[in-house]
Amino acid sequence: MLLDTLLLLPLLGALISFFGRRAWWCEAATLVASSLTLVLSGLVAHAVTSYGHLSGAGGWLYVDALSALTILVVGFVGATAALYSIGYIRADIRPEPGDSEEQTRTRFRRYYVLFNLFLFSMLVVPASNSLGILWIAIEATTLVSLFLVSFYGTREALEAAWKYVIVGSVGIALALFGTILVYYSAVRILGTGYDLTWSVLLPAAPQLDPKAMQLAFLFIVVGFGTKAGLAPMHTWLPDAHGEAPSPISAMLSGVLLNCAMYAILRYYALATPSLGMVYPSTLLLAFGLFSLLIATLFVLQQQDYKRLLAYSSVEHMGIIASGIAFGGSLGLYGALLQLLNHAITKSLMFFASGHLLLRFETKRIEKVSGVIRLMPVSGSFLMVGALALTGAPPFGIFASELTILSAGFRAGKAAAALVVLLALVVIFIGFMGAINRMAFGPPPAEQSRGYVNPLGLVAMACCLVIVVGLGLVMPVPLRDLLQQAAHVLGG
Amino acid sequence: MPVASPVATQLLQLLGFFLLLTAFAMIASRHLDQYIRAYAVQSIALAFIAMVIGYFTGRVELYAVAFFTILFKAVMIPSILLGLTRQLRVHLRREERPYVNLPTALLIGVVLVFVAFFTSPSVVAPGTFLDEPPIAVSVALVLIGLFLLSARRRAVAQVVGLLTIENGLFSGAIAIAYGMPLIVEFGILFDILVAVLVMSVLVTLIQQEGLTVDTADLRELRG
């Protein structure tokens, strides 16, 4: 019942936004739907930590601790992005000369309908019991978010959307083949035509055919890894994150990547009982380290601050994959904590970048300066967020990265852990260099229009509280959820 | 468990050969019209594979899969794409300045087929219907689809390349795992239809923006 309501809320939001006669209807419907989603996702997490797992919709939905964690992240980022969108989209969709009021309203409505549908598809991913539905939902996230990426309709935005849909679709096709091979790997023990669901497959995991499973896991990691932004399949990511409206960039980076990573984790939990740890870990470690390498190279020479944040997402996905590869309860716990921390910190940063974009009207790093003096509040959010994102103490990411590194040393993978550490240091220097250049220095001579988004500042403050808070104290319920989720993965 | 009959194996080999033939027709076609029609024929061959396997394994639902494959992939998707190319007035135009010329493209196609046949893993577990599912054909189709995706300039042609990859995967799916739950297969078919609709809207938007639908023009974003 709880799960069904959770999934219905964004659909209702989309419906009301579609028929909404006035702008504020769309905004209110979206905000209320996504806030209620956040509340319900908290309830789901609570129920899962107490009862183990939930199911709903006649067995189509299945939620355990790992799914509940993902749902919680989706709920949080969705709610803050909805809050932030109100001011941002109002300022951003100004009626252009030649546009009728009707056209402006249509664009407005389209944004909110797609926003809700995007949220819905991302909630289906972790809540689905069926492997087929999971695949369909991940494909649906691409199709819905495509028009959010191309929202501005500029040449660059359309190019980004095209790259996104083509690269994403190839990836998702490979993941489909992986899904089919997984089905096939269990035919011998479950017979043909069994229900292709987690609740059926997980108990049978130790007896799955290892040869088929080995190939399947490769396809799954490459396929869903494309959507998770693991290098070298990440090529769509910087373009899509760079061109989308800022709240959507936050959702892409904070939630979409995590949804794809969730799928990889699910299959990881399914693969390890029959394959053992070595093969899946080696595969994830290889992709993780390569992502870190690519991210390091591109962060150092980045000219565009939204793309800078996008490459930082590639970096963090690499760290999460490495954390899973290091394994043990410590590595898995660290990776899941990193996933949560990254989602919230990155949303904060994309919100801050949205403020920069509307104020300076450029994405070039060298054309932005004196942010702290011009915009004291959002400027300091930007600084704190950047420090948190690059792993400076005492923020959440520092704690999770430390956990992952110590898991690496403990697992005897010291060389890999040192590579991760080195990449973190280099990225810290490159990233903070770019942020410092924007934050300090004299403000540019020509001032563009003022821009205030008080609700956006509230959304950023919410993120900041969590980013700082998780570095200082770990609430017991959240720790339980993370530990149980790590346990699902075999930790 | 039904026993593999020589007739079934031969029929499937024949159909597999037909799939490859249509893939080569796609490589060789210069007009978008021919290219899309070759895809439609390929989808019909795919539907026949589903029917043959359905007949020999006694799985009635594979007939439904075959029916919807023809409806979606041989009728609806090709007509959407053909309509799109007419609307964009590119259906009869030759591919200008192709990245790869025709003889080279055909040669690459042949090489890809060889690669597929030599590297295809045998993932056959005992107890399946076919001794040797024609997985090499599926892999070859996927590789050719990837080649078409990267060698063609036109956005519409890239979509068809993507659909070819997907046909390859689908044929593999039917051959090695013919009992996939039906709802999943329908979901996938429906999803592909929606994907094609969405992509054709995007192509129209790209066209309206005054860009050509030649993806060589889409080279702004780098680094």
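This text walks through a predicted model, from one whole chain down to single residues. Residues are numbered from 1 along each chain as its sequence is written, and chains are lettered from A and ligands numbered from 1 in the order in which they are written. Because the model is predicted, local features need pLDDT of at least 70 and side-chain atom pairs count only at pLDDT 80 or more, while totals for chains, interfaces and linings use all residues.

Start with chain A. Its secondary structure comes to 20 helices and two strands. Helices here are DSSP runs of H or I with at least four residues, strands are runs of E with at least two, and both are numbered from the N terminus. Along the principal axes, the C-alpha atoms of chain A fill a box of roughly 70 × 50 × 40 Å.

Of the 491 residues of chain A, 64% count as buried. Buried means 20 or more other C-beta atoms within 10 Å of the residue's own, exposed means 12 or fewer, and partly exposed lies in between, with C-beta atoms placed from the backbone. Now take contacts in chain A between residues at least 6 apart in sequence: 80% of them join residues at least 24 apart. A contact requires C-beta atoms, placed from the backbone, within 7 Å.

Chain A is divided into domain 1 (1-127), domain 2 (128-276) and domain 3 (286-491). The bounds come from an automatic or database domain assignment. The centres of domain 1 and domain 2 of chain A, taken over C-alpha atoms, are 21 Å apart. There, 26 residues of domain 1 of chain A are in contact with 30 residues of domain 2 of chain A. On the domain 1 side, strand S2 (61-63), helix H3 (65-92) and helix H4 (101-127) of chain A each give two or more residues. H3(A) gives the most, with 11 residues. By class, this side has 19 nonpolar, six polar and one charged residues. Nonpolar covers Ala, Val, Leu, Ile, Met, Phe, Trp, Tyr, Cys and Pro; charged covers Asp, Glu, Lys and Arg; the others, Gly among them, are polar.

Next, the contact between the chains. It takes 36 residues from chain B and 38 residues from chain A. On the chain B side, helix H6 (155-176) and helix H7 (182-208) of chain B are the elements that give two or more residues. H7(B) gives the most, with 12 residues. The chain B side has 26 nonpolar, six polar and four charged residues.

H6(B) also packs inside its own chain. Helix H5 (residues 135-151) of chain B and H6(B) pack at about 170°, with their axes 7 Å apart. Axes are lines fitted to C-alpha atoms, for helices over the stretch in contact, and angles run from 0 to 180 degrees between N-to-C directions. H5(B) and H6(B) are therefore roughly antiparallel. Angles over 145 degrees count that way. The residues of this contact divide into 13 nonpolar, nine polar and no charged.

Finally, two residues of chain B. Val139(B) lies in helix H5 of chain B. With 22 C-beta neighbours inside 10 Å, Val139(B) counts as buried. Leu20(B) lies in helix H1 (residues 6-28) of chain B. Leu20(B) is buried too, with 20 other C-beta atoms within 10 Å. Leaving out residues up to four places away in sequence, Leu20(B) touches Val113(B), Val137(B) and Ala140(B).

Terms used
Two residues are in contact if their C-beta atoms, placed from the backbone, lie within 7 Å. Angles under 35 degrees count as roughly parallel, over 145 as roughly antiparallel, 65 to 115 as roughly perpendicular and the rest as oblique.
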